[in-house]
Amino acid sequence: MDFFEGYIDHIIFRSDSTGYTVMIGVMKGKDYTLVGTVPGLEPGENIKADGHETTHQIYGTQFVIDKYQVVPPESGEAVERYLGSGAIKGIGAAMASRIVKKFGDDTMRIIEEEPERLAEIKGISSRKAIDIAASVNSKKEMQHAVMFLQQYGISINMAGKIYAQYGNEMYDIVRDNPYKLAEDIDGMGFRTCDEIARNAGIKEDSDFRIESGIQYALAMSESNGHCYLPLPELLQATEALLNITVHDINRYLLDLQMQGKVMVKTVGKKRSIDEYLKEAENGGAGFMGEGGGIGRNLVYDADNRNVDPGVRVYRSLLYYTELQVATKLQELNIEKETDKDEGLEREIDEITEKEGIELDDLQRQAVSYAANSGLLVITGGPGTGKTTTINTIIRVFANEGKTILLAAPTGRAAKRMSESTGWAASTIHRLLEYQGRPEDEGDEGGEQIRGHFERDDRNPLECDVVIIDEMSMVDIFLMNSLLKAIHKGTRLIMVGDANQLPSVGAGNVLRDIIESGVIRTVKLNHIFRQAAESDIVVNAHKINEGHSVDLSKKSRDFLFIRNQNPEQIFNSVTALILDKLPGYLGVDPFDMQIMTPQRKGALGVERLNQLLQERINPKDSKKPEKEINGTLFRLGDKVMQVKNDYNLIWEIKGRYGIPIEKGEGVFNGDIGIITEINNFAQTLTVKFDDRFVEYEFKQCDSLDLAYAITIHKSQGSEYPAVIIPMYQGPQMLMNRNLLYTAVTRAKRCVCLVGNPQIFEQMISNESEAKRYSSLSERLREISDAG
């Protein structure tokens, strides 16, 4: 069966967020179970639907609706069923019966063309008659809109969003400038709009298309961490995206500036294109490419194309966010002289003696700066005493009766911070009291500003000191939100390792703050005796400094297993995680983490997860499973949230499974276990630490298997054991920075498996993908201006 024509009898289940519906339809007197995303469809309505049958292992045969249209009811019986279903506000079954008895088969025409005649029915006033007609027409208009948009390949759910945003104006927008949809509608990407434009006959070199392409290229660069793009790279990216030659990009940029959508800044001395390309070939960044360089074949004619490499193009939101962060940091940057304070020195001595710890000169300087500065950065690698320093600072402030708040970007990092300090710590989102429902859905900015923080400049944090750990993970948007909630006079202490990978989101906040030179920074570099006994710590520093590591040395916590081909490496990895390490370390295989530099390839994340799923969580008739968007999810699978979703609801359950706490927001990098797959309700439940989150199947594109993850995704996390395949990959990914980050994620054991030459090549490879950010420049400008 690939077609259904009948009426909707009743709805069994409907998701308010997606419109996914399970309902009973009647065709030729027979009941059918219908499923699909049909947000506006109501009981009593007649439909024609294209789709396909599927057999559910529990609930039997279902008809999946791919496309549908509502058929106006014609017979009196059909009209009465529709009006009496409750779909029309103000009409119940009894009222519907009286209306149809009065007007018969002419009822729908009366409602649409002569609604005032409804007042002839007892119980319907003139006002109510108009309201009934308005309700009927509104539903009819929405259904027409859905059918109109379906011809452009737009899903029913997305069509509902578009109609809700524009109403009947959407017809002109889709025909004249469909690229506006990408700006206004969450989930409408440039490529979808481009396809609509093509179908609508809009020329490929139209101004609308080129300007939308420029904005999309900038947005894509943000997903790679950039806050701006140099003009030559923006031009290259835009032309590659649109597959046309853009002859006068400055004209379009001027128009976008006039609309307030981009900012254009010129910096430094004007360079020729040849100088710029030479710099790029020697290590400059290329747009979106893993290889980093622009490439030897890229040629621009500066005279004819009028492209200045010294011009930077920002999305306006990014430019002003950087500026706001710099301004707020300068406002908080209050410094006192740090002459030797004998009282503070005595207090430090008392704390260290009581706690049985020792501080070197740099750590003592950090404590002194913390007591005498509005802002402080403490940075250093593993084993250099960052945690000991923070613990001392906390105790100094606690002794003075100050209120102290601790936070980190992720739940795992916050939990580790709590354990190491003995002081309650939360995620930054929870600290700022994030609320997942937007206050103003018209705001620009995409994922970073969906919803809102209760804590801001109007409702700041009520404390004396804020300490943030894992600052390398904090992007420019989150930093801006944090600073808004810190009023002048509150101390902010930022802690992190500047040599870790930068944030997933746009910006390079920690490194830019340090490089600006305008904020007090203490760089810890002494490896303490206890840490020096760990080969993980010692070798991490060697890797970071580019020194060779003796792989022949026998070690309890830094192991290298030599294998050459992918099959041998995989078998060794599997043996480690299932057989060797659990007994050696006394930990569950799910607590260990396999990390690899890349997603693709013989030992990339995608292939490893498929293979590891079959070894660690094999198929079983007692384990429900569901393939979603090409990924097979199975009960008991280890999964990761791969993008921020501030609106997902989580629950913490008590002893008998009763929710005792609720909240919103699941974030990029959170790892959990699938505890339930409900194929009837089309939902999947994941347990993240102590939080349970229910996903509808359509939301599962934000989940990925996590037996193996990319090193980038490991930021801010720490695992008892880390296993890293050493196999060939793209040069820009096989670098020192990535290897250092992976090794420092391990708490008790690092196992590298593969070719020693790859390990040595990664240590020697200093190249990193350039990240375009300018917070350090904004900080210096504001500082110089006084």
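Q: Which residues lie nearest the centre of the second largest pocket?
A: A pocket is an open set of points on a 1 Å grid over the protein atoms alone, with protein on both sides within 12 Å along at least five of seven lines; lining residues have an atom within 4 Å of a point. Here the second largest pocket has 48 lining residues, and nearest its centre lie Pro-382, Gly-383, Gly-385, Lys-386 and Thr-387. The model is predicted: local features need pLDDT of at least 70, side-chain atom pairs count only at pLDDT 80 or more, and totals for chains, interfaces and linings use all residues. Residues are numbered from 1 along each chain as its sequence is written, and side-chain values use heavy atoms, with hydrogens and water left out.

Q: How much space lies in the second largest pocket, and what classes line it?
A: A volume is the space filled by probe spheres set on the points, which are joined across faces, edges and corners. For the second largest pocket this gives about 1,500 Å³. Ala, Val, Leu, Ile, Met, Phe, Trp, Tyr, Cys and Pro count as nonpolar, Asp, Glu, Lys and Arg as charged, and the others, Gly among them, as polar. The lining splits into 16 nonpolar, 16 polar and 16 charged residues.

Q: Which domains supply the lining of the second largest pocket?
A: Domain bounds come from an automatic or database domain assignment. Domain 3 (320-436 + 454-527) and domain 4 (535-754) each give the lining at least three residues. Helices (H or I, at least four residues) and strands (E, at least two) are DSSP runs, numbered from the N terminus. Elements supplying at least two lining residues each include helix 17 (386-399), helix 24 (566-586) and strand 30 (746-754).

Q: What span does helix 17 reach?
A: The expected span is 1.5 Å times one less than the number of residues. Helix 17 has 14 residues and reaches 20 Å from first C-alpha to last, close to the 20 Å expected. Gly-401 follows helix 17, with a positive phi near 80°.

Q: Which residues of helix 17 are buried?
A: Buried means under 20% relative accessible area, exposed over 50%, partly exposed in between (1.4 Å probe, protein chains only). In helix 17 the buried set includes Lys-386, Thr-389, Asn-391 and Phe-397. Elsewhere, Ile-468 sits in strand 14 (residues 465-468). Ile-468 counts as buried because its relative accessible area is 0%.

Q: Which residues of strand 16 are on the covered face, and which on the uncovered one?
A: In a regular strand the side chains alternate between the two faces of the sheet. In strand 16 (residues 521-524), Val-522 and Leu-524 are on the covered face, Thr-521 and Lys-523 on the uncovered one.

Q: In what sense do strand 9 and strand 16 pair?
A: Two strands pair if DSSP finds at least two bridges between them. Strand 9 (residues 375-380) pairs with strand 16 in the parallel sense, over 4 bridges. Thr-379 stands opposite Lys-523.

Q: How many cavities of 30 Å³ or more does a search of the whole structure find?
A: In a cavity, a 1.4 Å probe fits but cannot get out. The search finds 2.
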